[in-house]
Amino acid sequence: MIERLTKPAEVEEAARRIAETLAAHAEWLYAEGASRRASSLRRSECDVRAAQGRLIFSCWSDEGARVWRVKGWEWTGEKLLLEATRAAGAESVLLELIPRAAASAVVEIVSASRRLRAEQLARLACAQLPGARVERVGLSSGARRGQPGRYARIMLTHRNRRIAVTGLIAAAAHDETEAFLSSALLWFTRARQQRRGPLVEQLWLVVHQELAQPVARQLALLRDDLCRALKLFSIDEQQKTMTPLRSLDRAELWDESLPRFRPPALESDLSDWAKRLLALAPEAVDVVRARHGETLRFHGLAFARVRRLLNQERAWLGIDGARRRLLDASNWHECVELLEQLRQHRDALAADHRHAFYKAAPEAWLESMLRRDITQLDPGLRIAPLHAQFRAARTNNPATPNSAATRPVDLLALRHDGRLVVIELKVAEDREHVLQGTDYYRRVEAHRRRGHLAHAKLFGDAHIADSPPLVYLVAPLLRFHRAFNQLALSIAPDIELYRFDLNEDWRAGIRVVRRARVNYQTP
């Protein structure tokens, strides 16, 4: 209940207690009335004092300095409420201050919640194997030091053997498959290398129903001996049940029904707008065609879009989608100015490597360089046609436009001998590099086997060999993840994976420093 301040003694007492409350928390969320947007306040940015029988509260909000006379207050234990006026009583409002939990407290809460879910998962796993007992329960490493991981790490013991169990215990993202499986395989490998205790013979993967099929498809691409050690389970947390799932045979991947294959937009004459924009910097601008127009990129950074609407061409200018504006004769000078800025800052010799134009979309920059001459990577590749951001499937769900099932292949090329080549590019360490490349292999190979690529004349009249695609995994020399080779060795050896190490200063010109087959195993 709001405590009214009518006497000087009450004002003095309220000032003391409110000051103690504010000092108890390092940061607060501050809002002037329920309809106002909350802003963040540090403890040092607000003050309360008694002056001439009045209680004065002052702070520095997003709207600037605010000074209020407080006529009543309440601390509910969860938030501080201040009945306040200003401008000689002309403006009256209820101020709300809510303490923000310290980062360490939030981490502790999340960690405790995930550990509880991991313990529940351990009990379900034990129920699958009568006589098994839980040896230990923990969490995977977090994305940052000190943060709780997203996956349970459970070790079971049963009849002098051990079984590793892992499952997702945080909200699942639409592209969780490769991250979950990469983490699980690395943990299993480390666990098997431990010399103390019985051998870890199996790895149980526990996933929710929406991830079961994607994970099962990925497992079918692993080495046979590794597949025999893995078991996949589906969990229903509401029913508190864990159901074993049948593993997929590789042949079943090619027999599955496929989403509708939509060939990429055909090469056609450029629009008038695209020709004008391309002429401004032909050495740096490339054009990515879509079904209803073109996107123009400066070293991979999109800066203009052309679309055909009701048989009319319209162009939009801008790097940031929120600030994109219609391009016409009246603001053509803005386009010229933008290109000059891109020339200055998005260049290998740019003075400021911290500029937003230089740092943005580095993988697209590398892709644009390879699109101009893919033989820089492999002289055996055909220069054209070359498909960038190739989609083997499309989604009709607007909520997941870039889900794992519809992510585009960076580059799809054809060698002179007719072999398809799936090229996956990275410019920073990415643990999922290997599994993303093999997932793209699976999708391209499924369409190749059905004849979709040949029927669509994806590479014109060039012959597509009756052989699975090659997978080229490309990154600068020092930007491969430290677990890259270990994960590559988990892939079935009949899937040909090649690692291409590029020079670190690739923006100045691409050179292949080293090329090697990474999952070949001698008999």
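Reader: What makes N160 count as exposed?

Author: The relative accessibility of N160 is 66%. The cut-off for exposed is over 50%, and N160 therefore counts as exposed. N160 lies in the loop between strand 10 (148–158) and strand 11 (161–168). Its phi is positive, about 60°, although N160 is not a glycine.

Reader: Which peptide bond is cis, and where is P385 found?

Author: The bond from A384 to P385 is cis, and its omega is near -5°. P385 belongs to the loop between helix 10 (362–372) and strand 20.

Reader: What is the order of the strands in the open sheet?

Author: The open sheet has six strands in the order 20-21-22-23-24-25, and their pairing is mixed. Strand 20 (387–390) and strand 25 (512–517) are its edge strands, as each pairs on one side only. From one strand to the next, the twist averages 25°.

Reader: How do you know that strand 24 pairs with strand 25?

Author: Two strands pair if there are at least two bridges between them. Five bridges join strand 24 (residues 497–502) to strand 25, so the two strands pair. They run antiparallel. One of the residues involved is D501, whose bridge partner in strand 25 is R514.

Reader: Which helix packs on the sheet, and which strands does it touch?

Author: Helix 11 (residues 433–450) packs on the sheet. It touches strand 20, strand 21 (409–414), strand 22 (420–425), strand 23 (470–476) and strand 24. The direction of helix 11 makes about 150° with that of strand 22.

Reader: What is the average pLDDT of the protein chain, and where does pLDDT stay under 50?

Author: The protein chain averages a pLDDT of 89, on a scale from 0 to 100. At least 70 is the score of 93% of the residues. Over residues 396–402, however, pLDDT stays under 50. For that stretch the model has 10 contacts beyond four places in sequence.

Reader: Why does a low pLDDT call for caution?

Author: Where pLDDT is low, the predicted coordinates should not be read in detail.

Technical notes. Residues numbered from 1 in each chain as written. Predicted model: local features only at pLDDT ≥ 70, side-chain atom pairs only at ≥ 80, totals over all residues. Heavy atoms only, no water. Helix = DSSP H or I, 4+ residues; strand = E, 2+ residues; numbered from the N terminus. Axes fitted to C-alpha atoms, helices over the stretch in contact; angles between N-to-C directions. Contact = heavy atoms within 4.5 Å. Buried < 20%, exposed > 50% of the residue type's maximum accessible area, 1.4 Å probe, protein only. pLDDT = per-residue confidence, 0-100.
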